[in-house]
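Let's take a walk through this model, starting with the ligand and moving on to a helix.

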Amino acid sequence: MNNIFVYCEIEEGLIADVSYELLSKGRKLADELQCKLNAVVIGDDLNGIENNLFKYGVDTAFVFDDNRFYPYRTLPHASIVTKLFEEEKPQIALFGATSIGRDLAPRVASALKSGLTADCTNLVIGDYTETRTGKEYKNLLYQIRPAFGGSIIATIVNPDTKPQLATVREGVMKNEPLTKPINGEVVKHNIDDYIKNEDFVLDIIERHIEAKKINIKGASIIIAGGYGVGSKASFDKLFELAEILGAEVGASRAAVDAGFVDHERQIGQTGITVRPKLYIACGISGAVQHRAGMDESAMIISINSDPKAPINSIADYVIIGDINDVMPKMIKKYKELSK
Amino acid sequence: MGLKIIVLAKQVPDTRNVGKDAMKEDGTINRGALPAVFNPEDLNALEQALRLKAKYPGSEIILLTMGPTRAAEIIREALYRGIDKGYLLTDRKFAGSDTLATSYAISLAIKKLSPYDIIIGGRQAIDGDTAQVGPQTAEKLGIPQITYAEEIVECNEANNNIIVKRRLERGIEIVKSTLPVLITVHSSAPACRTQNAKLFMKYKHARTVSELQNESEDYIKLQKDRAYLNIEEWSVDDINADIQLLGLSGSPTKVKKIENVVLKHKEVATIDSNENSIGKLMKELIDNHIIG
Ligand SMILES: Cc1cc2nc3c(=O)[nH]c(=O)nc-3n(C[C@H](O)[C@H](O)[C@H](O)COP(=O)(O)OP(=O)(O)OC[C@H]3O[C@@H](n4cnc5c(N)ncnc54)[C@H](O)[C@@H]3O)c2cc1C
Ligand SMILES: Cc1cc2nc3c(=O)[nH]c(=O)nc-3n(C[C@H](O)[C@H](O)[C@H](O)COP(=O)(O)OP(=O)(O)OC[C@H]3O[C@@H](n4cnc5c(N)ncnc54)[C@H](O)[C@@H]3O)c2cc1C
């Protein structure tokens, strides 16, 4: 009892990347707390799915397999997770901070009357002393998250209620399967004990999900363009450098809104969070919302015509100049040097 | 007939465009210096409500907000855009509420306003940034939720259902739900209409009881004569809340620590944009195994 649970999201019959990231983190937390790592998977046609979970060190996989469970709908998933957590009494439960996780987790937290921390970017185990009462708590989950549009980082704890619930942002935890799968267990409960007819009052009439093609958050080098790049055509130069460096192209919201690139490349508070080895910001001013998604990059180079652009203050190198002039020079020099 | 729609809106510090005035010496934000605004996605929600009201005659829109007395400002802003009535939940005992306690208070106020057809709010507030209050309120009311709405396609009162288009991370979904339902609206939904000059004239003197405290007798009389100028204020007692479930005692999450993000940085190396300097930088990156 009092184990760690990860809610695993299903995308097209597969477990979502964010869930693997949470399992990787969950395994480490479970080792530290000397408890088990369990997974709950709710979907359709899930035969054999547990084998993927065992690669991440899942001790027990609770699988709920029924053709009404995919695509995701709030109420049946919320009913199952709520009841399962009432029975299993986990100490920690993690969800992806995705459109599914952020729809589901608050509903579950409300039903369990337990604390939920949103959109965490880090999770750490530590002790806590309640300032008013002086009461001490051992081994709580520190849930670390940005708020106020990324201008503050708050550490939140849920001392008195269990489970300690958190949604965790995609791409911030590393996806690390174990070298050898463990010998876990699968539990399949009787589904009708977990859902009610009223859980199916909502129908999905239509659904268009664009396949995931690009993998920006996995890239170790990102070349990101902003509104200052100026046009779709100028973005081609960014793609050209990305190609030869083995990098991915990202963008600011202003560049996406201007139609230079697709939304799936947007980096920042309302886009994806990245922390590559190298982030080259081209014609990006560096609004807080943009920085929220990239300021943990190991190295930042800013190319901007404005020496005072806010992004420059968090950069390691600043190239003052016109992007349309600098980009071809970088491509040329790199080609010469790497010959 | 017509629909009864309750809009949930929050007044928030504007964390979007942090100007120099709101920046402290050490490069961190002075949160107190940020202007208070109508939470952006709540304006998207208000627009959806106003469209429903126009499409289904006889509909009524009530706006509910919980906050300090000054949050009456956003009720006026909504009256200028076409809502029918506003309620302000305000009481010291609400202070320090996390999302669980906030949704408890809001759900009690909604129950007092029952029956209703649609509860509609923003997806997320730009200060707390949690996006949890909507789903938690729906759970407490025992009604279904539709999050990330981009458009209310249609509402069929006779059949008691509603069709909504949702914006997901990587696509869209069109769903049909029974009423009553709670909807949270995504920023990709249409922007809210501007204030209407006639409504502005009509409601500019709308006040809560607290706001009237320091006003002249004549002004208070004007309020009494025109009931529509009265912005209702509700306290903990008005919604029969259990104070143990509110504020810090009703909030399972505790803020252990807050660190200000320093938006300014140590030293930065500035590079000229000539070929020579760029070449040197590229060489350094290759030598340090950053690229190549
Ligand atoms: C709720 C909310 C969420 C948001 N989420 C995000 C998000 O996830 N991601 C995001 O990026 N933004 C987000 N934003 C928007 C953000 O506030 C900024 O508006 C946006 O990041 C600005 O993009 P930009 O830097 O490309 O454009 P601008 O601010 O217009 O900056 C352009 C920069 O290019 C430089 N420049 C111009 N011409 C050239 C040239 N020829 N060569 C070199 N440099 C040049 C300029 O000096 C300037 O610094 C969000 C905003 C809100 C309110
Ligand atoms: C730094 C910081 C971090 C926090 N982190 C957490 C956390 O992780 N978990 C947690 O439970 N609490 C947290 N809180 C507390 C939380 O911000 C408050 O409970 C807040 O009142 C509601 O949350 P929100 O601003 O995130 O709203 P959201 O849940 O993002 O709001 C969604 C929608 O709900 C409606 N709504 C929200 N508040 C109101 C209101 N007062 N009146 C009317 N409608 C409203 C609006 O339509 C809004 O668009 C945090 C607070 C701070 C200062």
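Ligand 1 is surrounded by 26 residues, where being near means having a heavy atom within 4 Å. The closest include Tyr227(A), Ser252(A) and Ile267(A). Chains A and B both contribute residues around ligand 1, so the site is shared between chains. By class, the shell has seven nonpolar, 15 polar and four charged residues.

A word on ground rules: this is a predicted model, so local features need pLDDT of at least 70 and side-chain atom pairs pLDDT 80 or more, while totals for chains, interfaces and linings use all residues. Side-chain values use heavy atoms, without hydrogens or water, residues are numbered from 1 along each chain as its sequence is written, and chains are lettered from A and ligands numbered from 1 in the order written.

Now for the polar contacts (N or O pairs within 3.5 Å). Thr270(A) puts a polar side-chain atom 2.6 Å from a nitrogen of ligand 1, and an N or O atom in the side chain of Asp322(A) sits 3.0 Å from a nitrogen of the ligand. Gln266(A) has a polar side-chain atom 3.1 Å from a ligand oxygen. Overall, the protein covers 77% of the 980 Å² of accessible area that ligand 1 has on its own (Shrake-Rupley, 1.4 Å probe).

Over to helix 3 of chain A, residues 74-88. Helices here are DSSP runs of H or I, at least four residues, numbered from the N terminus. Of its 15 residues, 12 are buried, meaning under 20% relative accessible area (1.4 Å probe, protein chains only). Among them are His77(A), Phe85(A) and Glu88(A). Just after helix 3, Lys89(A) takes a positive phi of about 45°.

Key. Polar contact = N/O pair within 3.5 Å; in protein donor to acceptor, adjacent residues only side chain to side chain. Nonpolar A, V, L, I, M, F, W, Y, C, P; charged D, E, K, R; others polar. Helix = DSSP H or I, 4+ residues; strand = E, 2+ residues; numbered from the N terminus. Expected span 1.5 Å × (residues − 1). Buried < 20%, exposed > 50% of the residue type's maximum accessible area, 1.4 Å probe, protein only.
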